[in-house]
Amino acid sequence: EGIELLAGLKGADVEAHIRNLTEKAMGLPENQRPSFSDIYQLRLNMVKPSLEDVNTVAALAERYITDEAKEVIPELIRRGKQVYLVSGGIDRIVGAVAKNLGVTAWFGVQLRFDTQGRYAGLYWTPTIADEGKGVICHQITFMLGGKTTIFIGDGMTDAATKGQVDCFAAYTGIHNRPAVVERADIAIESLKELLVPKKKAVIYMNTQLLHDANYEPPQNLLP
């Protein structure tokens with residue numbers, strides 16, 4: 001989570017508080033929490049990341065990508081799959097992650113800075129809204145027309161893509177959130193399961209999946 005990494009630059013207490021807000025935003029159903037956009041802006045207003053802060057985290061993006069992601073995503077692209085990162089993360093950080101993986105298309109949140117590089121707010125984007133990722137996936141799916149699509153994510157905003165793609169897969173390899181798994185078509189514990197599907201697919205992956213974790217890939221669950 002990019003905002004958590006930015007919070008870490010402000011001190012351990014700020015980072016811990018931001019992590020708590022993140023878990024509320026990503027792990028609780030809509031009727032049990034404030035809107036995601038409200039929590040998102042609250043976190044940013046607490047951290048107030050400068051342009052220098054964002055560039056610092058973006059420059060370190062490679063170290064936050066798991067070995068598994070480094071293996072699976074380029075392999076999917078090599079096989080002709082179209083991979084998009086659709087994220088509520090900061091655009092510069094999401095872009096750095098995407099480029100490290102060989103992904104050429106991503107959606108993130110663009111921040112505004114004043115002439116001295118100080119945080120001055122954000123430009124509204126669908127990915128900070130509760131249903132926003134579903135809106136983006138609907139648009140991309142319509143543009144691609146007829147291709148089998150799957151979205152992988154571990155948060156409630158990811159679950160909003162269900163119905164807009166052929167399959168929403170709850171990723172449990174790092175965070176196993178029951179509310180998300182309950183809404184999912186399937187649950188997967190390892191990205192390596194994506195290498196097995198027989199149908200041609202467009203993979204939408206949330207950058208939250210890229211934090212370091214160690215786990216054994218279970219049997220494939222996808223068709």
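The model is predicted, so local features need pLDDT of at least 70 and side-chain atom pairs pLDDT 80 or more, while totals for chains, interfaces and linings use all residues. Residues are numbered from 1 along each chain as its sequence is written, and side-chain values use heavy atoms, with hydrogens and water left out.

Start with the whole protein chain in cartoon view. Nine helices and eight strands are present (DSSP runs numbered from the N terminus: H or I of at least four residues for helices, E of at least two for strands). Of the 223 residues, 52% are buried (under 20% relative accessible area, 1.4 Å probe, protein chains only). Switch to a surface: the chain exposes about 10,400 Å², and carbon and sulfur atoms supply 50% of that area (Shrake-Rupley method, 1.4 Å probe). Among contacts (heavy atoms within 4.5 Å) between residues at least 6 apart in sequence, 63% join residues at least 24 apart.

Next, select cysteine 137, which is buried at a relative accessible area of 0%. Cysteine 167 is also buried, at 14%. The disulfide count is zero (a disulfide being a pair of cysteine sulfur atoms within 2.5 Å).

Now select H4 (residues 51-59) and H6 (residues 91-101), whose axes come within 9 Å and cross at roughly 15° (lines fitted to C-alpha atoms over the stretch in contact, with angles from 0 to 180 degrees between N-to-C directions). H4 is therefore roughly parallel to H6 (angles under 35 degrees). Show side chains: Leu51, Val54, Asn55, Val57 and Ala58 in H4 meet Arg92, Ile93 and Ala96 in H6.

Technical notes: Buried < 20%, exposed > 50% of the residue type's maximum accessible area, 1.4 Å probe, protein only. Parallel < 35°, antiparallel > 145°, perpendicular 65-115°, else oblique.
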